[in-house]
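Reader: I'm new to this one. Can you walk me through its side-chain contacts?

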Amino acid sequence: MQDKISIITVVYNDVEHIEETIKSVISQDYQNIEYLVIDGNSTDGTLEICKKYSESISRIVSESDTGIYNAMNKGVKLASGEWLFFLNSGDVFYDEKVISNIFKNESNADIIYGKAITQDRKLCYYPKKITKNMFIMERMICHQAIFARKKALSDNLFDEDYRIIADRVWLYKCLCAKKVVEKKDIIVSIYDTNGISSNKEKFDKESLRFLKEISRKFYYFGLLKRFFKNLIKKN
């Protein structure tokens, strides 16, 4: 029997893109999908579009939240699937066979990651293996390419004190907890690069804070890296 896969879409006032995301989910040929839409109390017509597809959406929640990771945590708590995946508004699956291809064979992993590409078809960061060095170098796999078991998320919810990089913090904690990670050579999604992580200044601030939490020496490494980067730019 197929594992149930819970797909969670977080959206707020994105009437321009939400329908494309919904269509991408409901066109998947995998049979056992639970689809949850977590809306932040949109006022621009987003909710009306969601309701248009209510027969294909398992549950629509529309209420105020404190940020994207608060909404994503709501989705984790509501999901009943064995595996969870976030495809937020503006993102789409690469094709209709993504989930079928990811779960073609049984897996003992806690986390499965594939590839994500940008809208101009550039490959997002896709390491051969997830290691702690990845986090020290401030790299992160696109979250729209990561499938995680429900337990890996419910036991380690997104840290809402981080507004932009809580997915990176979550994955680092999973690595520290010895979660089993499996890599698949499959393009999972086309990623909208206009999300919250596109705010470079805020992203940079949170990234340094996270380095400091890991180790003070990594924090100073991050500062030094920025110093030389700025120096090169000036020259």
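Reader: How many salt bridges does the structure hold?

Author: The structure holds 10 salt bridges. Keep in mind that this is a predicted model.

Reader: OK, take glutamate 82. Which side chain does it meet in a salt bridge?

Author: Arginine 149. The N to O distance is 2.6 Å. Glutamate 82 lies in the loop between helix 3 and strand 4, and arginine 149 in strand 7, so the pair ties together parts 67 residues apart in sequence.

Reader: Is arginine 149 buried or exposed?

Author: Arginine 149 counts as buried, at 16% relative accessibility. Glutamate 82 counts as partly exposed, at 36%.

Reader: And aspartate 185? What does it form a salt bridge with?

Author: With lysine 115. Their closest N and O atoms are 2.6 Å apart. This pair links distant parts of the chain: aspartate 185 is in strand 8, lysine 115 in strand 6, and they are 70 residues apart. Aspartate 185 is exposed, with a relative accessible area of 61%.

Reader: Now the helices. Which residue forms a salt bridge with arginine 226?

Author: Aspartate 204, with the closest N and O atoms 2.7 Å apart. Arginine 226 lies in helix 9 and aspartate 204 in helix 8, so the pair ties together parts 22 residues apart in sequence. Arginine 226 is buried, at 14% relative accessible area. Aspartate 204 is partly exposed, at 30%.

Reader: Where's aspartate 192, and what is the nearest side chain of opposite charge?

Author: Aspartate 192 sits in the loop between strand 8 and helix 8. Aspartate 192 is buried yet has no salt bridge. The nearest side chain of opposite charge is arginine 121, 11 Å away.

Reader: So what does aspartate 192 touch?

Author: Leaving out residues up to four places away in sequence, it touches Ser89, Gly90, Asp91 and Gln119.

Reader: Switching topic. How many disulfides?

Author: The count is 0. Take cysteine 124: the nearest cysteine sulfur, in cysteine 142, is 4.6 Å away. Cysteine 124 counts as buried, at 15% relative accessibility.

Reader: What about cysteine 176? How far is the closest cysteine sulfur?

Author: 9.3 Å, in cysteine 174, which is too far for a bond. Cysteine 176 counts as partly exposed, at 36% relative accessibility.

Reader: On to rings. How many aromatic pairs are there?

Author: The count comes to 13. In one of them, the rings of phenylalanine 85 and phenylalanine 147 have centres 4.3 Å apart and planes at 25°, so the pair is stacked. The two link distant parts of the chain, strand 4 and strand 7, 62 residues apart. Both phenylalanine 85 and phenylalanine 147 are buried.

Reader: How are tyrosine 172 and phenylalanine 210 paired: stacked or edge-to-face?

Author: Edge-to-face, with 5.5 Å centre to centre and 85° between the planes. Tyrosine 172 is in helix 7 and phenylalanine 210 in helix 8, 38 residues apart. Both are buried.

Reader: Which residues form the aromatic cluster?

Author: Tyr30, Trp83, Phe85, Phe93, Phe103 and Phe147 form one cluster.

Reader: Last one. Which ring does the charged end of arginine 209 sit over?

Author: The ring of tyrosine 162, 4.0 Å from its centre. The charged end of lysine 212 sits over the ring of tyrosine 219, 4.9 Å from the ring centre.

Definitions and conventions:
Residues numbered from 1 in each chain as written. Predicted model: local features only at pLDDT ≥ 70, side-chain atom pairs only at ≥ 80, totals over all residues. Heavy atoms only, no water. Salt bridge = Lys/Arg side-chain N within 4 Å of Asp/Glu carboxyl O. Helix = DSSP H or I, 4+ residues; strand = E, 2+ residues; numbered from the N terminus. Buried < 20%, exposed > 50% of the residue type's maximum accessible area, 1.4 Å probe, protein only. Disulfide = S-S within 2.5 Å. Lys, Arg positive; Asp, Glu negative; His and termini not counted. Contact = heavy atoms within 4.5 Å. Phe/Tyr/Trp six-rings, centres within 6.5 Å; stacked < 30°, edge-to-face > 60°. Lys NZ or Arg CZ within 6 Å of the ring centre and 35° of its normal.
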